[in-house]
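Let's take a walk through this protein together, one piece at a time. Have the sequence and the 3D view ready as you read.

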Amino acid sequence: MASSSTLKNESSSSTEEMNLSTLARATSLSTGLALRTLHRSITCKPISCSSTLYSLTSINPKTPLFLRSPDFTATLSDFQKWQNWAKTLALSVNSSFKDSDNGPDSEILLRELSWLIEDALENPQSLSTGSQVEVLRLRADLGDLYTLWKQRIEIRRPFQYIVGCEHWRDLVLSVEEGVLIPRPETELIIDLVCDVINQNVDLKGGLWVDLGTGSAAIAIGIGRILGDTGRVIATDLSPIAVQVAEFNVKRGVYLGENRRPWAVQLIRAVSGDSVTCEHDAVVEPAKISGEGDNSKDGSKDDELKVSCLYPTFQLKYFDKDKIAVKQGSWFDPLTEFQGQVAGIVSNPPYIPSGHINGLQAEVGRHEPILALDGGENGMSELLHLCNGAAFMLKPGGFFAFETNGEDQCRFLVDHMESVYRNSFYDLRIVPDFAGIRRFVTGNRT
Ligand SMILES: C[S@@+](CC[C@H](N)C(=O)[O-])C[C@H]1O[C@@H](n2cnc3c(N)ncnc32)[C@H](O)[C@@H]1O
């Protein structure tokens, strides 16, 4: 589930379990940052806003800011006024958020500000010294930029909700209030699935389920690596998550390893992806001229390598036969597939209820409680998923569940070994990139 710049400094009453989770999250954040320089800090809307959202059942998922049309203008001087104001606000924070709940300090906020500027300007280079441009084209109204940055600092609305997206593996996923911002450590689930299906072609062509899909990060990640006959069903109880997941499935964006405007990049696309270049500044060695152009330049058979000056490529991902999103509680929408599922993956809510108040403001006040709260000891949903796996998986079927760390992993494995002694084999606890024992995996007998 959640991670990153998440948890508040613990009070003296903290349990060992809580310290462990704090460590896990802090470590996973720094690893995420180390692994990917452009990985943005985890950020989010006050509890009152979250509660309002729970009464909402319908939203209009939004395109990430950097992909919106540059329909607005501002003079260079007005934009610079905003920039200076935003910088002053960021600097005023100093280490106060960090000291109170391990939130972002001024340095992180200034980095976010530069990302916001990159996303909001049609041509960020026009800010560079020597540029003659007097009027800038923007993807958001300057007045809205004032509001957004105020929200970032004053109510600690997460940066990802401000710019409307999160970078996760090689995807850019739309996110907004009501859906969890996908975390770096969860990316490893795709690698675990990749290893398993490479060893077992039967699983590659089977039905995979992503339970509690949120933004559909895991479902899309798995959809990309399955064979022609394999497919994914993603479920979530939250109607907002279901709508955002469907939006991401239908309209994905694939950006390659490093997102830097105006840098020459290599973009890899799996054969069959439909690729559209939004800007026509495509350079050697390969060319993409329009949708569906799968021309190759000598790269691996299933890859398309292209270079371009602005790495904004859209891939239309999958139809409903490849990735379907269904609303409902855990296995409820899947009863017809009992005993037939090739793989089950989930990153369920696993934070103990009593720890929710101690979360970093961006997380606790803004991300959906439904995505965070795992019941009294954080295990309620995880245990439900383990029990369901015994009924839903076909023989040889694989599961991978994300947990809060060591204690929850051990608890799950003990539960499965004692209650389902003959139902599973090859039960493993797998560490995340930071070395935290994070995932439990295994196969159905
Ligand atoms: C920790 S979030 C994970 C989201 C996403 N898979 C990810 O990794 O970014 C847990 C998700 O489980 C969903 N959820 C909570 N209770 C559920 C239930 N009973 N049935 C299905 N989904 C549920 C939440 O809405 C949330 O999207």
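Two strands are said to pair if DSSP finds at least two bridges between them. Helices (H or I, at least four residues) and strands (E, at least two) are DSSP runs, numbered from the N terminus. With those terms in hand, look at strand S6, where Ala-234 is the bridge partner of Asp-210. Strand S5 (residues 207-211) and strand S6 (residues 231-236) run parallel and are joined by five bridges.

A word on what you are viewing: this is a predicted model, in which local features need pLDDT of at least 70 and side-chain atom pairs count only at pLDDT 80 or more, while totals for chains, interfaces and linings use all residues. Residues are numbered from 1 along each chain as its sequence is written.

Now step back to the whole. The protein chain holds 15 helices and 17 strands. Of its 445 residues, 47% count as buried (20 or more other C-beta atoms within 10 Å of the residue's own; 12 or fewer is exposed, in between is partly exposed, and C-beta atoms are placed from the backbone).

Seven strands form an open sheet with mixed pairing, in the order S13-S6-S5-S14-S15-S17-S16. Strand S13 (323-327) and strand S16 (424-431) each have a single partner strand, so they stand at the edges and one side of each is left without a neighbour in the sheet.

H8 and helix H10 (residues 217-225) pack at an angle of about 30°, with their axes 10 Å apart.

Finally, which backbone angles deserve a look? Most residues other than glycine have a negative phi. Asn-94, however, has a positive phi of about 50°, and sits in the loop between helix H3 (76-93) and helix H4 (96-101). Asn-94 counts as partly exposed because 13 C-beta neighbours lie inside 10 Å. In strand S16, Asp-426 has a positive phi near 55°, and with 9 such neighbours Asp-426 counts as exposed.

Notes:
Axes are lines fitted to C-alpha atoms, for helices over the stretch in contact, and angles run from 0 to 180 degrees between N-to-C directions.
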